[in-house]
Structures are given as C-alpha cells and as structure tokens.
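Me: Could you walk me through this one? I would like to start with the core and then move on to a sheet.

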Amino acid sequence: MADKDYYEVLGVSRDADQRTIKRAFLKLARKLHPDVNKEPDAEERFKEVNEAYSVLSDERKRANYDQYGNPDGPGGFGSDYVDMSDIFNGGGFGINDIFDSFFGGGRSQGAGRAARTRGRDMGITMRITLEEAAAGCTKTIAYDRLAPCDDCGGTGVAEGGKEKPCDRCHGTGRVVEVQRTIFGQMQTQSTCPVCHGTGKVVDKPCETCDGQGRTPSHETVKVEIPAGVHSGQTIRLPGYGEAGVRGDSAGDLVVSVKVAESERFERQGDDLFCEVSVDSLEAILGTRVEVDGILAGERVVVEVPAGCQFGQQVRVEGKGMPRLNSHARGNLFAVVRVVTPTNLSEGLLEHVRAVASVMHPAGDEREEAEAPAGTKGGASDGSPATSDADAGAAGAAGERRHAAKRQKRSPFHGRKK
Ligand SMILES: [Zn+2]
Ligand SMILES: [Zn+2]
C-alpha cells in the first residue's frame, strides 16, 4: 500500500486544499464503506482511502510525505495498515459522522466480526396518553427495516448455490498481516476483506438481496406497554431491529415511550394532581366531591374537610398512577378551588346576611377602625366583614352591581368618614 500515491488514491491534485481533500475523502468513504459496498476489493480500497486522508489532512505529515515520500519524515516508518477497529470506532476519521448521515444513528457495537455482520439496533418513539400509561396498552408499530430476504430465507444463497469456507481466511473471518518494521515484525489482525468476517463465501449469491440475506421491508410489530410507564422509558424488542448479514443475528428495536400531558391530571412521579371546585359554603362546612379517576370508569370520592382553604390539597390514597411492575398505586391530590356563588336568590341572600350579622355584629365600627390603618384603598381589599355589612345596607343590589359600586366608592370610603 505504501507504494500507492496518496493523492491518486483520493483523486486530488498535489496542491489541493484541505476542503477539497476532505470532500474527496468523504465521498470515497461513503462509496467504499464495507457495510455499504459489497465488492470484494471495497474494504482494501477503503483502508487506502483512510490512510491517504490521515496523512494528507495532517499538514505536518503531508509535508513529510511530499518531501520524503514518508509521512513520518526521513528514516521514519509509516503505518502501512490501518487497524479496522480504529476505523469502525471512529478513529478520528469521522466515520461515525458518515454512519450518522447514512443510517440516522451511530454504531452501538464494537469492532470486529460481530459488528460487521450483526444487524443494527433501531430506535423508534411511541406517544401514548396518560390514561394509556395508567392502564397499560398494546400498540402496533409500523416501521421500515432490513429484514431477512424472503427469496433465500436470509442465507444470501441462491437456489442450487451453497456456502463454502472462505479461502482467504480459511473460514476464520480474520486475516493476519505481518509487517516488518525497524522494531521487528508486527502482527495485525483484521476482518477478512473477501468474506467480510463471516468466514464463508457463496458460490451463487441470491439476486434479490445481492447475497446479503436481507432486503428493505415495511413491517409491523405489536408492543406491550406496561401500566405505570414513565416518559422516556424504553422497551426493547430483541430481534426486531435490522436483520444480520446472511442469517447473522438481528439487532433490537428499541421503543422509547413518550407520555403526553393530560388536561385533567398533572403527574408527579406516581402521584396525580387534579382540581376540584367547591363553593364558599361547602368550603366552610366540608363536602364530598366525586371526580373521574385516571382509569376508565373509575370514580374517586374526594373528602373536602370543613374550613377548607383555596388551593388546599386533599389526598386520596392509592388513586394515583399504578406503580410500574407493582400492584400498588400512587396518590391522587385534589387541589381545591373555592368558588364564590354569584347567583344566590334574594331569599338565600337574606339568610347569608343574617348569618353575617351574627358573625360580625359591629361591622360598621370595624370598617371605620380598619380602613385608615390599611393600605391605600384599604376598603376594597379589606376584610369580608366590610363587604357583608355593605351588602346589608345596599339592599337588593345584585352581587355584580354591588361589587362594581363598592370598587368605585371604596377609594374615598375611608377618608370621607
Ligand atoms: Zn474470509
Ligand atoms: Zn436473498
């Protein structure tokens, strides 16, 4: 390989700039990558291209090469081989970038034989509702993958053809190269370029799959999503990823679950939060409110205690999300909203006034005593006693009208008196 001209290998002129060199390298690497190109000499040429680029992309090595014909300078010894494991692990050549652009993901396997023929893992995202996450569900996923070839049953061998051990590597899938250096002999192992590490060659390859044993296919698979699943958790379906080369093991399909937000509930861990509304009297006296639970048809009773405040959380034990891989459930927290009634009849208002007059018999005095002490406009955001007392004086005025009147009047109320 050392006698090959690096510029020729990349197909660039001797004065090419770095951009041109990089572009030429990427183009060739994509074309020759052994996982893409199944021509017998592709791997050998791929190595050459990598070696050429590793020298020409480094200004110092390139200068040495130009001057001495050797990237390490006079008397040095160049690397006549590129370790395939380095190449497949990225090795500084940007191979992972190429994979990313090609297959939409990096390689998860290490180098060597397994990485060469085993199918890749594939990832897919599945969106479900919070209700589905609570109950668990079965979903059908449709996706595209390289599946075992139907015509040859995944073997890559056409009818009448057969597999035989590879002559080049004697069926081991690996070749040993011996290099002579100034330190003595160095041995390196690499994947056999003839059989791509399988150890076998096919005398009559299947035409449908080009002897690869796999073809593009649109498939569906059912996936069971367990109750209590959290957003971001993954479910692995072994063997549903990309099929392996010529019957080697397939990769996995990794389903990443995304749980959508719910309008009714907010989830925090395995606990759920919802909102319940009660009116002021219910808040004073306490009440029971029934709401729909997270599970289909489930009704949950929320015991709102007497004297409940706005925003208070009422806990309902065991009515939250099911815990994953367990029969237990988290809790439900009902956040209480206290709503002031606006449509009370005059008859009812009379009762309220009666109660108010008992609770705050000295309402007017209180108003006078408090308003000057309060902040600016104190009467408008003063105690309920103020408005109740006013309501009594205002007679049949509606709540809304009364409120408006109060607001209009209140800034002057305290000063006037
Ligand atoms: Zn071989
Ligand atoms: Zn086939």
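**Core and sheet**

Reply: Keeping in mind that this is a predicted model, the largest nonpolar core has 24 residues, and those with the most contacts inside it are Leu130, Leu272 and Ile294.

Me: Which elements each supply at least two residues of this core?

Reply: These are α8 (130–135), together with the strands β9, β11 (271–279), β13 (299–304) and β15 (332–339).

Me: And which one gives the most?

Reply: That is β9, which gives 4 residues to this core.

Me: Which domains does the core draw at least three residues from?

Reply: It draws at least three residues from each of domain 2 (118–161 + 205–260) and domain 4 (266–339).

Me: What is leucine 272 in contact with, leaving aside its neighbours within four places in sequence?

Reply: With those neighbours set aside, leucine 272 is in contact with Phe265, Arg267, Ile294, Gly320, Met321, Gly330 and Leu332. There is also a second, separate core of 16 residues, and Val9, Leu10, Phe46 and Tyr53 are among them.

Me: How do β8 and β9 pair, parallel or antiparallel?

Reply: β8 and β9 (residues 253–259) pair in the antiparallel sense over 4 bridges, and threonine 234 stands opposite serine 256 in β9.

Note on methods
Residues are numbered from 1 along each chain as its sequence is written. Chains are lettered from A and ligands numbered from 1 in the order in which they are written. This is a predicted model: local features need pLDDT of at least 70, side-chain atom pairs count only at pLDDT 80 or more; totals for chains, interfaces and linings use all residues. Two strands pair if DSSP finds at least two bridges between them. A nonpolar core is a set of buried Ala, Val, Leu, Ile, Met, Phe, Trp, Tyr and Cys residues joined through C-beta atoms within 7 Å. A residue is buried if 20 or more other C-beta atoms lie within 10 Å of its own, exposed if 12 or fewer, and partly exposed in between; C-beta atoms are placed from the backbone. Domain bounds come from an automatic or database domain assignment. Two residues are in contact if their C-beta atoms, placed from the backbone, lie within 7 Å.
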